[in-house]
Amino acid sequence: MTAQPDQIGTPAGRIIISVDAMGGDAGPSVVVAGIAKSADKNPDIGFILHGPEDKLRPLVAKRRILDGRVAFRDSQDVVKMEDKPSQVVRNGKGTSMWSTLESVRSGEAAGAVSCGNTGALMALSMMRLRKLPGVNRPAIAVLWPSTNPQRFNVMLDVGADIRADAKDLLQYALMGASYARNGLELKRPRIGLLNVGTEEHKGRPELKEAHAMISEFADAANFDFVGFVEGGDIPGDKADVIVTDGFTGNVAIKTGEGTASLIGQLLREAFRYSPLSRLASVLAITSLNRLKKRIDPRRVNGGVFLGLNGTVVKSHGSADATGVSSAVKLAFTLAQSGFAEKLAARVASTVELTQDEAHPASTGAKGQEGQ
């Protein structure tokens with residue numbers, strides 16, 4: 001989506017990202033600082049900023065890099081973290097979150113970013129953008145640091161819906177593969193199905209059924225299925241995409257975040273233990289900074305809502321400027337690759353595949369290899 005000259009004074013061809021300035025823990029000043037970091041790094045990006053215009057204009061005016069690159073949409077109401085999704089769906093029309101999604105729905109912007117209430121954002125996204133035809137349950141996909149050459153694995157679902165049957169898991173596999181192709185530039189991603197063991201006889205019935213379905217459709221959908229994987233494989237190099245239900249995925253990601261925080265705390269305590277350990281920390285500062293940057297969750301901030309008619313990136317509510325900038329970069333990268341259109345085509349081909357499971361290779365999926 002290119003900027004409209006009467007809205008944003010930017011060169012033609014610039015990709016516009018719709019940003020919810022409200023709802024994050026740190027307030028709109030951090031969001032504005034984040035989009036300023038993105039603008040400084042990327043001349044091909046512009047913004048539509050949603051929230052109380054009287055509060056946002058002074059913040060934007062302090063960032064010279066944003067001159068002529070921000071359009072405002074005045075939205076006085078805010079979706080709070082404690083608000084119930086059902087209440088927001090009924091009464092949220094005047095909120096910055098609603099307005100942010102409207103810019104994607106109307107075609108003004110190529111993607112949306114919000115730090116707000118996850119449940120409310122998903123509910124509004126489903127209502128305003130609608131699910132892609134053939135998608136039963138959308139999914140939230142995140143990037144997880146890994147030992148793979150691309151340095152990250154894709155994992156989904158991590159909380160959009162706690163349930164998932166075999167067909168949902170197949171859909172997640174195809175959407176995750178498309179995300180890996182467009183977000184990580186992997187031509188033929190490897191898909192793993194999360195289970196309590198790698199043996200085919202293990203797991204719940206829906207996992208066994210999903211194993212058979214994903215395996216059957218792998219060649220036609222242009223990915224490699226490595227079978228069942230375990231929790232230890234999430235940050236490993238066995239698969240590029242980890243598929244699971246939202247309950248399991250949400251527990252896994254929060255456990256991972258907590259473990260990373262604990263390791264950081266224990267390292268700090270260890271280096272403060274004695275004068276020699278403090279000296280060692282000084283000598284190792286370069287390696288420690290490299291490690292910190294490698295596993296810094298701010299640098300992979302953003303869960304992508306897959307299965308909708310539009311790109312929506314959910315940033316952490318506690319994100320700082322670096323985190324917001326990372327979420328914006330992710331939305332920009334997906335928009336630049338035409339991800340939403342490719343995903344829609346991939347889902348459409350999947351519907352054809354599942355309508356004739358006996359002959360999966362005979363459908364129109366063959367023309368979708370690059371998606």
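A cavity here is a set of grid points where a 1.4 Å probe fits but cannot get out. I started from that, since rolling a probe the size of a water molecule over the atoms shows where empty space is left.

**Entry 1: confidence.** I noted that this is a predicted model, and I looked up its pLDDT before anything else. The chain averages 85, and 87% of the residues score at least 70. I marked residues 1-6, where the pLDDT is below 50. In the model that stretch has 15 contacts beyond near neighbours in sequence. I also marked residues 358-368, again with pLDDT below 50, and here I found 17 contacts beyond near neighbours in sequence. Where pLDDT is low, the predicted coordinates should not be read in detail. I left the contacts of both stretches at that.

Entry 2: I searched for cavities of 30 Å³ or more and found one. The largest cavity holds about 40 Å³ of space. Which residues line it? I listed F305, L306, G307, L308, G310, T311, F339, A340 and L343. I then assigned the lining to elements: β10 (303-306) and α12 (339-355) are the ones that give two or more residues. The largest share comes from α12, with three residues. Sorting the lining by class, I got six nonpolar residues, three polar and no charged.

**Entry 3: a helix pair.** Two packed helices are described by the angle between their axes and the distance between the axes. I looked up both values for α6 (residues 166-183) and α11 (residues 321-336): the angle is about 95° and the axes are 9 Å apart. An angle of 65 to 115 degrees counts as roughly perpendicular, and α6 and α11 are therefore roughly perpendicular to each other. On the α6 side I found Y179, N182 and G183 in the contact, and on the α11 side L330, T333 and L334. By class, the residues of this contact are three nonpolar and three polar, with no charged residue.

**Entry 4: backbone.** Most residues other than glycine have a negative phi, and most peptide bonds are trans. I looked for exceptions to both. R151 has a positive phi, near 75°, and is not a glycine. I placed R151 in the loop between β5 (139-145) and β6. Where is the cis peptide bond? I found it joining L156 and D157, with omega about 0°.

Key. Residues are numbered from 1 along each chain as its sequence is written. This is a predicted model: local features need pLDDT of at least 70, side-chain atom pairs count only at pLDDT 80 or more; totals for chains, interfaces and linings use all residues. Side-chain values use heavy atoms; hydrogens and water are left out. Axes are lines fitted to C-alpha atoms, for helices over the stretch in contact, and angles run from 0 to 180 degrees between N-to-C directions. Helices (H or I, at least four residues) and strands (E, at least two) are DSSP runs, numbered from the N terminus. Angles under 35 degrees count as roughly parallel, over 145 as roughly antiparallel, 65 to 115 as roughly perpendicular and the rest as oblique. Contact means heavy atoms within 4.5 Å. Ala, Val, Leu, Ile, Met, Phe, Trp, Tyr, Cys and Pro count as nonpolar, Asp, Glu, Lys and Arg as charged, and the others, Gly among them, as polar. pLDDT is the predictor's confidence in each residue, from 0 to 100. On a 1 Å grid over the protein atoms alone, a cavity is a set of points where a 1.4 Å probe fits but cannot get out, and a pocket is an open set with protein on both sides within 12 Å along at least five of seven lines; lining residues have an atom within 4 Å of a point. Grid points are joined across faces, edges and corners, and a volume is the space filled by probe spheres set on the points.
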